[in-house]
Amino acid sequence: MAIAFDLAEFFLTNALLGTERQAFAFPQREDLLGRLLAQLDVSAPERALLDASALVSFYQVVGQRPTKEPVSSIAPAPPDSWLRCSPTAGFYLARILAGEYPELLPEWLGALNKSDQRAPEELIPALLEVGVSQREWRAAIVRAVGVRGVWLAAQNDKWDYATGNADPELIWQTGSREARLFALTELRAQNPTRARELAASTWNEDSPDDRVAFLGALTLNLSLDDEPFLEAALDDRRKEVRSAAADLLGRLPDSRLSQRMIARVKPLLAYKHSRLAGDKIEVMLPEHCDKAMQRDGIESKPSPVLPKMGERSWWLYQMLQVIPPSLWSNEWRKTPRDLLQLALQSEWKEMLFEGWIRAAQRSGDSAWVEAILELDPRRTGLVKHLAPARREIFISQRFKQLKAPDFEAGIQVLEDLDFDCGVQSTRAVMKWLREQIVNSTDVSDWQLRQALQDFAYHAQPTLFEEIESDWPKDAIGRKMGFEALDEFFDILGFRRGMLNAFKRNA
């Protein structure tokens with residue numbers, strides 16, 4: 001509460017002029033404050049003034065009446081059907097959120113999802129906060145925080161991306177771009193048709209950047225039902241939107257765009273058999289890149305990434321990568337390996353071989369991927385398109401074939417790993433790493449340390465004890481310090497303990 005004017009004037013005057021220029025006496029007051037001031041000893045004016053200041057300060061604080069703010073009625077969070085994860089699992093999550101091996105959060109979230117459990121309530125705010133910057137983890141985070149997390153997200157605008165799980169229709173009309181994108185992605189997983197209709201409902205009002213982002217969400221559960229909408233998007237004014245729509249249509253082998261590409265390319269490629277000259281693939285280059293081709297996503301100017309490719313070769317290369325490579329092996333009744341070998345012998349080697357690699361990557365054709373890896377094992381970025389059992393075989397064989405001087409080739413394989421290795425491949429990689437440490441003299445400490453650290457996130461955690469006991473610790477000093485190896489075992493051991501925490505009775 002404010003003090004009276006006469007008392008305020010008294011303090012101001014004595015503070016500015018001093019207490020000795022006039023008789024020192026407090027203003028007369030009949031209230032409680034006046035009675036308290038009257039009890040002060042005014043024989044020492046300076047001290048009395050300071051005591052009075054303290055007294056008035058306390059009086060103002062104690063005498064304040066609480067303000068009556070309108071209280072909003074927020075319904076409590078509904079009960080969650082998922083069981084809370086074990087304290088041990090929660091302990092590992094707390095360490096990850098505190099900055100210890102943050103790269104392992106997706107693996108923790110995946111293990112939680114498989115166990116049909118939810119994250120501890122006290123860690124929900126920190127998890128939701130991670131989702132603000134890590135968009136690719138949002139779906140897993142929303143699943144992890146459960147009903148309570150969605151309820152809590154509704155109380156904070158920063159976390160509104162998570163509220164899309166509750167009412168995607170409402171979020172689409174009122175939410176931020178981030179929340180709308182998340183809501184669309186979630187709806188696409190459950191109801192692809194409604195998600196597409198939702199994107200179409202505001203298409204003309206959305207910005208070009210939003211339209212590109214929303215098209216990206218349609219990659220999930222993509223089907224021919226999406227074709228009319230995507231065909232219309234090919235006429236969008238923005239190039240980025242047209243390219244995104246063309247990419248999606250190119251992923252549908254039976255789409256009109258894919259059929260148009262096949263119709264354009266078939267007359268340009270021919271398989272020729274000759275007993276004297278040998279088999280070969282004859283190539284005719286397209287004469288021009290017309291507006292219809294450009295509408296279907298063909299860029300007229302060559303990419304600087306492929307400087308050796310001419311303009312007309314560039315047009316054919318782009319069309320070739322849209323067509324499923326199985327068309328050519330079926331059409332010409334030749335194995336993928338036969339056709340790839342002919343491509344490598346052709347004067348159009350870069351255009352044919354690289355085009356078929358992109359086509360195999362886009363279609364996920366495992367037969368073509370295996371043939372490519374057999375002819376060029378360096379294309380390890382394709383390994384993820386193999387079935388898990390075939391991946392194990394390829395990685396194991398690849399590291400068994402590598403010699404000590406092939407360190408860079410081995411590192412390339414490790415850099416391309418974006419999946420967990422099994423027992424067989426983990427043993428093969430670790431054997432190769434041990435040989436590098438013991439025998440190689442051309443590999444730097446930093447390279448080995450980086451290789452060990454990267455592989456710790458993909459090695460099979462169940463082999464922790466085997467790897468640790470089988471390591472030649474007496475040879476480590478020749479190449480690197482114990483610190484790098486300790487770091488490898490810290491990460492692998494952390495992963496083992498984290499995953500074990502989700503087992504029953506952990």
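Predicted model: local features only at pLDDT ≥ 70, side-chain atom pairs only at ≥ 80, totals over all residues.

Me: How many helices and strands does the protein chain have?
Reply: Helices are DSSP runs of H or I with at least four residues, strands are runs of E with at least two, and both are numbered from the N terminus. On that basis the protein chain has 26 helices and four strands.

Me: What share of the protein chain is buried?
Reply: Buried means under 20% relative accessible area, exposed over 50%, and partly exposed in between (1.4 Å probe, protein chains only). The chain has 506 residues, and the buried share is 45%.

Me: Among contacts between residues at least 6 apart in sequence, what percentage join residues at least 24 apart?
Reply: A contact means heavy atoms within 4.5 Å. Among contacts in the protein chain at least 6 apart in sequence, the share joining residues at least 24 apart is 65%.

Me: How are α18 and α19 oriented to each other?
Reply: Axes are lines fitted to C-alpha atoms over the stretch in contact, and angles run from 0 to 180 degrees between N-to-C directions. Helix α18 (residues 336-345) and helix α19 (residues 349-363) pack with axes 7 Å apart at about 150°. Angles under 35 degrees count as roughly parallel, over 145 as roughly antiparallel, 65 to 115 as roughly perpendicular and the rest as oblique. Therefore α18 and α19 are roughly antiparallel.

Me: Which residue classes make up the contact of α18 with α19?
Reply: From α18 come L339, L340, A343 and L344; from α19 come K349, L352, F353 and W356. Ala, Val, Leu, Ile, Met, Phe, Trp, Tyr, Cys and Pro count as nonpolar, Asp, Glu, Lys and Arg as charged, and the others, Gly among them, as polar. The contact of α18 with α19 has seven nonpolar, no polar and one charged.

Me: How do α9 and α11 run relative to each other?
Reply: The axes of α9 and helix α11 (residues 208-217) come within 9 Å and cross at roughly 25°. So α9 and α11 are roughly parallel.

Me: How many charged residues are in the contact of α9 with α11?
Reply: R177, R180, L181, L184, T185 and R188 of α9 meet D209, D210, A213, F214 and A217 of α11. By class, this contact has five nonpolar and one polar, and its charged residues number five.

Me: What is the phi of D116?
Reply: Most residues other than glycine have a negative phi. D116 lies in the loop between α5 (105-114) and β2 (117-118). D116 is not a glycine, yet its phi is positive, at about 55°.

Me: Is N221 buried or partly exposed?
Reply: N221 is in the loop between α11 and α12 (227-233). Its phi is also positive, about 60°. With 40% relative accessibility, N221 is partly exposed.

Me: How far apart in space are Q460 and C421?
Reply: Q460 sits in the loop between α24 (445-456) and α25 (464-470). Beyond its neighbours within four places in sequence, Q460 contacts C421, G422, V423, T426 and L492. Q460 and C421 are 39 residues apart in sequence, but their C-alpha to C-alpha distance is 5.8 Å.

Technical notes. Residues numbered from 1 in each chain as written. Heavy atoms only, no water.
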